[in-house]
Amino acid sequence: MSSSSTELVAIASQPGIPIAQMRPVYRCADVQKRLHKLPPKEHETLRSTYERMLEKGAERFQVKPSGLPAMAHLYDELPNFHEVLDDIRRQLALCHDSRDALEITPMLLLGPPGVGKTHFAREVAQLLGTGMGFVSMSSLTAGWVLSGASSQWKGARPGKVFETLVDGQYANPVMVVDEIDKARGEHAYDPLGALYSLLEHDTAGQFIDEFAEVPVDASQVIWVATANDERAIPEPILNRVNVYQIEMPGRDAARAIARRLYQGIRAEHDWGQRFQPEPAEAVLERLAELAPREMRRAWMTAFGNARLAGRDEIQAADLPGSGGKRGAMGFLN
């Protein structure tokens, strides 16, 4: 266990992150004004959006730490993310004993596919308890998915930032922009254009979605972007985020990750109790060769093969590809 992890064990019993106060994420008066300007029997989708905003009200929970949350398990489970965890912990320490809101500097996680970047982002959202919005940039070809499209366009709708704040419960959700380096522009659209203002605290406070055209306060959003290749990311984006290079875990760390995954899968399922509490060393050696996100699928295949063979322990032969040429074992994390 690292020194950071050891230190964290001592504070695990302290209060976590409660809901501290309410914060308006838009002004109902602005919404009401836009609603009244709509022509009768036109723009039904936009009308229903405004009505939903008025019905829900502008107040959202703003999470603020009253004490450092228990993070020791993350240091153990994510050994290749210690630098990021240290930084998050420092930022939590700054605001937990003050009147300031929770503020986390936007972060970019750079690393090879399968290293666990998206999984880490989800763990951060769970740790902070603020809810999460998710956008996969690899499937996008237009900037409006983040910032909304004008209601004049057929099939237009609000962007993901607007939806997460308006339809969610929190003023400071974690917004994951996955595979930001794979964003593709289409004609005049810049898929990342909206991020230039969203990643700046001052301008994010008056973010205007192109569909709703009502300012929303996105200044409290916690941004986590992931990427494989830094060269494909515009310099203005890199200048607005903390960049962390995430490496594949070393062999010992990979074995530890594989063991925890085995124990977790075994504990999650009733059938797991039919298997030995600990996996065999030879199996762990094989699993350590895989990227973290590939391990769960490999374990699930091995559990099934062992059960078909009537055994209560997994053997190396139960792993995918053991009978011949190994196939790809990647999966979405």
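In this predicted model, E179 lies in the loop that runs between strand 5 (174-178) and helix 9 (195-198). E179 is not a glycine, yet its phi is positive, at about 55°. E213 is found in the loop between strand 6 (207-208) and strand 7 (215-216), and a relative accessible area of 37% makes E213 partly exposed. Such values deserve mention because most residues other than glycine have a negative phi.

A search of the whole structure finds 1 cavity of 30 Å³ or more, and the volume of the largest cavity is about 50 Å³. The lining of the largest cavity consists of M107, V177, I180, L195, L199, W223, V224, A225, I237 and V241. When these residues are sorted by class, 10 are nonpolar, while no polar and no charged residues take part in the lining. Strand 8 (residues 222-227) supplies the largest share of the lining, with 3 residues. Elsewhere in the chain, V135 belongs to strand 4 (residues 132-136), and V135 counts as buried because its relative accessible area is 4%. V135 and V161 are separated by 26 residues in sequence, and their C-alpha atoms are 9.4 Å apart in space.

At the level of the whole chain, the model contains 14 helices and 9 strands. Of the 333 residues in the chain, 47% are buried. The accessible surface of the chain amounts to about 16100 Å², and carbon and sulfur atoms account for 49% of this area.

The average pLDDT of the chain is 83, and 86% of the residues score at least 70. Over residues 1-15, however, pLDDT stays under 50, and the model has 23 contacts beyond four places in sequence for this stretch. Residues 323-333 form another stretch in which pLDDT stays under 50, and for these residues the model has 23 contacts beyond four places in sequence.

Terms used:
Residues numbered from 1 in each chain as written. Predicted model: local features only at pLDDT ≥ 70, side-chain atom pairs only at ≥ 80, totals over all residues. Heavy atoms only, no water. pLDDT = per-residue confidence, 0-100. Contact = heavy atoms within 4.5 Å. 1 Å grid on protein atoms, 1.4 Å probe; cavity = no way out; pocket = protein on both sides within 12 Å on 5 of 7 lines; lining within 4 Å. Points joined across faces, edges and corners; volume = space filled by probe spheres on them. Helix = DSSP H or I, 4+ residues; strand = E, 2+ residues; numbered from the N terminus. Nonpolar A, V, L, I, M, F, W, Y, C, P; charged D, E, K, R; others polar. Buried < 20%, exposed > 50% of the residue type's maximum accessible area, 1.4 Å probe, protein only. Areas by Shrake-Rupley, 256 points an atom, 1.4 Å probe, with all protein chains shown as cover.
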